[in-house]
Amino acid sequence: SSCKKILYIHDSFINSIFKFILKKILTENMKVIFVSKKSYHFYKNVINGCKYKIIPNGVITYKKIKKKNSVNKKLKIGTTCNINPEKNLELLIKLAKITPEFAYYIAGPIYATQRKYFLKIKKEIKYHNIRNLKFLGYKKNVFNFLREIDIYCCFSLRESSPFSVWEAMSVGLPIISTDVGDLKKYIKVGKFGYIVKNEPNIFKSKIYKLLNNKNLYNLFSKNSF
């Protein structure tokens, strides 16, 4: 076909079989858009000389939905994701266990293909008798949920962008996240939170920094927005 083709890639981890197939079907007359450098580096060996650009995805911000900051000792900490192993919810469980004084919420769908993983997570929560962590399921308007929490945490092992963090920033939430997508690049430009290792005690220490320093919390919130 003489039609121009553009391939839009918005992940940074995929089944190796698909990666092999992709290498076979890409041709030099095709163009590729990546949402992050992480995504590009994962696929750069299979794009077969195709022209490419890195164009981050984004979210529209509305001043009317910016949350009112009211950080206090009864912190509400949240994350949005579809429930699957890449979201590293085991780390969230460990964090909830060592910080029973905070409330944790997960908003996102549970697909049939991930039911087994979800049941495993629920079993672990029950085993550790964790009472401060709740699954809220799919939220039609995620911004209503985001306005109700105080800090947004991302625990993922891999993300391409990550879009859920941009949504949280768009309502002015401070971010504490693992090193995913191009977050590290943007956090250097405007300090809106912390990029941390996959360790619950490090997450805990950063949460307490924000809890005990309202000026820092407000600065991160402003920079996020």
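Residues are numbered from 1 along each chain as its sequence is written, and side-chain values rest on heavy atoms, with hydrogens and water left out. Because the model is predicted, local features need pLDDT of at least 70 and side-chain atom pairs count only at pLDDT 80 or more, whereas totals for chains, interfaces and linings use all residues.

The count of salt bridges comes to 5, a salt bridge being a side-chain nitrogen of Lys or Arg within 4 Å of a carboxyl oxygen of Asp or Glu. One of them pairs Asp179 with Lys38, with 3.4 Å between the closest N and O atoms. These two residues are 141 residues apart and link distant parts of the chain: Asp179 is in the loop between β8 (175-177) and α7 (183-189), and Lys38 is in helix α2 (residues 37-43). Helices (H or I, at least four residues) and strands (E, at least two) are DSSP runs, numbered from the N terminus. Asp179 is partly exposed, at a relative accessible area of 35%, and Lys38 is partly exposed at 33%. Here buried means under 20% relative accessible area, exposed over 50%, and partly exposed in between (1.4 Å probe, protein chains only).

A salt bridge also joins the side chains of Glu86 and Arg158, at 2.9 Å from N to O. Glu86 is in the loop between β4 (76-80) and α3 (89-98), and Arg158 is in the loop between β7 (151-154) and α6 (163-169); the pair links distant parts of the chain, 72 residues apart. Arg158 is partly exposed, with 33% relative accessibility.

In a further salt bridge, Glu90 meets Lys120, the closest N and O atoms lying 3.6 Å apart. Glu90 is buried, with a relative accessible area of 18%, while Lys120 is partly exposed at 48%. Salt bridges with shared partners join Lys38, Asp179 and Lys184 into one network.

The largest nonpolar core has 31 residues, and those with the most contacts inside it are Tyr104, Leu133, Ile151, Ile176 and Ile207. Such a core is a set of buried Ala, Val, Leu, Ile, Met, Phe, Trp, Tyr and Cys residues joined through side-chain atoms within 4.5 Å. Two or more residues of this core come from each of α3, β5 (103-107), α4, β7, α8 (200-212) and α9 (214-224), and α3 gives the most, with 6 residues. Neighbours within four places in sequence aside, Ile151 is in contact (heavy atoms within 4.5 Å) with Leu75, Lys76, Ile77, Gly78, Leu173, Pro174, Ile176, Ile207, Leu210 and Tyr217. Another core lies apart from the largest one and has 19 residues, among them Ala107, Ala168, Leu183 and Ile187.

Thr178 lies in the loop between β8 and α7 and is buried, with a relative accessible area of 1%. Not counting residues up to four places away in sequence, Thr178 touches Leu91, Cys154, Phe155, Ser156, Leu183, Ile195, Val196, Asn198 and Phe203.

Grid points are joined across faces, edges and corners, and a volume is the space filled by probe spheres set on the points.

The largest pocket holds about 450 Å³ of space. Its lining has 21 residues, of which Thr80, Cys81, Asn82, Phe163 and Ser164 are the closest to its centre. The largest share of this lining, 3 residues, comes from α6. By class, the lining of the largest pocket has 9 nonpolar, 8 polar and 4 charged residues. Ala, Val, Leu, Ile, Met, Phe, Trp, Tyr, Cys and Pro count as nonpolar, Asp, Glu, Lys and Arg as charged, and the others, Gly among them, as polar.

The second largest pocket holds about 180 Å³. Its lining includes Glu86 and Arg158, and divides into 1 nonpolar, 3 polar and 5 charged residues.

Key: 1 Å grid on protein atoms, 1.4 Å probe; cavity = no way out; pocket = protein on both sides within 12 Å on 5 of 7 lines; lining within 4 Å.
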